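Have a look at it first, then work through the steps.

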Amino acid sequence: MLIDRYNRVHTYLRISLTDNCNLRCFYCMPEEDYAFMPAKQLMQADEIVTIARLFVAQGVTKIRLTGGEPLVRKDAGEIIRRLGELGMQLTITTNGTRVAHFLDDFTIAGIRSVNISLDTLQKDKFQLLTRRDQFEVVKKNISLLLESGFIVKVNVVVVKGLNENEILDFIAWTKDTPVQIRFIEFMPFDGNQWNSHKLVTWQEILALIGEKYEIEILENHPHDTDKKYGVSGHKGSFAVISTMSAPFCSSCNRIRLTADGKIKNCLFSGEETDLLDALRKGEDLLPIIEQSILSKHKELGGQFSREFELIDANTLHNRSMIAIGG
Ligand code: SAM
Ligand code: SF4
C-alpha cells in the first residue's frame with residue numbers, strides 16, 4: 001500500500017497521456033506560446049502499462065486518464081484497452097471533441113463514467129474560452145454518451161465575469177438531462193493569470209443556485225473531492241469542487257503521473273519525481289514511488305494556505321495545468 005506520513009492511503013492514480021490538446025482553454029494553457037513535449041519524451045504505451053500495473057499491485061483501485069487531451073494521442077485506443085485489462089476501475093476526463101471515435105474502446109475497457117469539460121452552454125462563448133469552434137461537436141458527443149448508457153459528468157470551471165452567469169442555465173439543463181454538473185473553483189497554475197478576484201467560491205455557487213432552486217444534499221464518499229447536490233424533480237444533479245475555498249487534502253488518496261513520466265504527489269506540488277527515466281534505466285521503481293509518497297506535503301503542495309485571498313500566483317512553483325494533467 002502507498003501510505004504517506006499523514007496516514008493517507010493512495011488508491012487513485014491519474015495518468016496524463018499527453019500535454020497536447022486540440023483546444024486552447026485560457027485557464028489551462030499559458031498565454032505565451034506553449035511548446036508541446038516531443039513524442040520521445042512521453043511515456044510510450046508499454047511504459048504506461050508497466051507503470052500502471054505496478055501501481056495496481058500496490059493497491060491502486062482506480063485510474064483516470066487525462067491530459068492535455070488524452071484522446072488526441074494516436075494510440076489512445078490501444079492504451080485504454082490495455083489498461084482495461086488490469087482490473088481496476090478506469091475512467092477518463094476529456095474535452096469531448098473526439099469521444100465518438102472511442103466508444104468501443106471505452107466499452108471494452110470497462111469505462112462506465114466519462115467526465116467531459118464544457119464551461120459554457122453558449123456557442124460564441126465556447127469559441128472565446130477555447131479558441132476553437134467545437135461547441136456543437138461536444139454537445140452532440142455528450143448526447144451520444146448518454147444514449148450509449150455512459151454516466152456523464154460535466155466539468156465547468158467557474159470564472160468570475162465569464163460564466164458564473166450561466167450557473168443557473170447549467171442547473172436548468174439537469175432538469176431533463178441525466179448529467180452531473182461539477183462546478184470547479186478556478187485554480188492557479190503557471191501562466192493562467194489567476195487571481196483571487198476571479199474565483200467564484202463553493203459558497204457563492206450554492207447561494208446563487210439556492211435563490212432559485214431547493215437544494216438537496218446528496219451522499220458523499222470518503223475520498224470524494226466533489227460535494228454532491230440534487231434539485232428536486234431534476235433527472236441530473238450537480239456538485240462543487242471547492243479546492244480553493246475548502247480543500248480536501250486530509251482525505252486525499254490521489255497521485256498523478258505526468259505525460260513525461262514524472263510523479264506529482266499533489267496537483268500543487270512544486271517537486272516531481274522522474275519515474276520514466278528510472279524505468280528506462282532499469283531501476284527498481286517501487287522505492288522511488290514510496291519515497292515520493294512519503295515526501296507529500298500535508299496540504300496544497302506546501303505552497304499556499306487555505307487563505308486563498310493571500311495567494312500571489314506569480315510566486316507559485318508549478319507547471320501549467322495542461323502539462324500536469326488535471
Ligand atoms: N482535456 C481534458 C479536459 O479538458 O477535460 C482533460 C485535461 S483538463 C486539464 C482536466 C480538467 O482540468 C478539466 O475539467 C479542466 O476544466 C480542468 N482545469 C484546467 N485548468 C483548470 C484551472 N485553472 N482551474 C480549475 N480547473 C481546471
Ligand atoms: Fe485542452 Fe482540457 Fe486544457 Fe482545455 S482544459 S486546453 S481541453 S487540456
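**Exercise 1.** Find which residues surround ligand 2, and sort them by class.

Solution. Start with the neighbours, counting a residue as near if one of its heavy atoms lies within 4 Å. That gives Cys21, Leu23, Cys25, Cys28, Gly68, Asn95 and Ile322. Next, sort them: the shell has 5 nonpolar, 2 polar and no charged residues, with Cys counted as nonpolar and Gly as polar.

A quick word on the ground rules: this is a predicted model, where local features need pLDDT of at least 70, side-chain atom pairs need 80 or more, and totals for chains, interfaces and linings use all residues. Residues are numbered from 1 along each chain as written, chains are lettered from A and ligands numbered from 1 in written order, and side-chain values use heavy atoms, without hydrogens and water.

**Exercise 2.** Which atoms of glycine 68 and serine 117 lie by ligand 1, and at what distance?

Solution. Look for N or O pairs within 3.5 Å, the cut-off for a polar contact. Glycine 68 puts a backbone N or O atom 3.0 Å from a nitrogen atom of ligand 1. Serine 117 uses a side-chain N or O atom, 2.6 Å from an oxygen atom of the ligand.

**Exercise 3.** Is tyrosine 229 buried or exposed?

Solution. Buried means under 20% relative accessible area, exposed over 50%, and partly exposed in between (1.4 Å probe, protein chains only). Tyrosine 229 has 6% relative accessibility, so it counts as buried. Phenylalanine 238, at 1%, is buried too.

How values were computed
A polar contact is a pair of N or O atoms within 3.5 Å; within protein, one must be able to donate a hydrogen and the other to accept it, and residues adjacent in sequence count only if both atoms are side-chain atoms.
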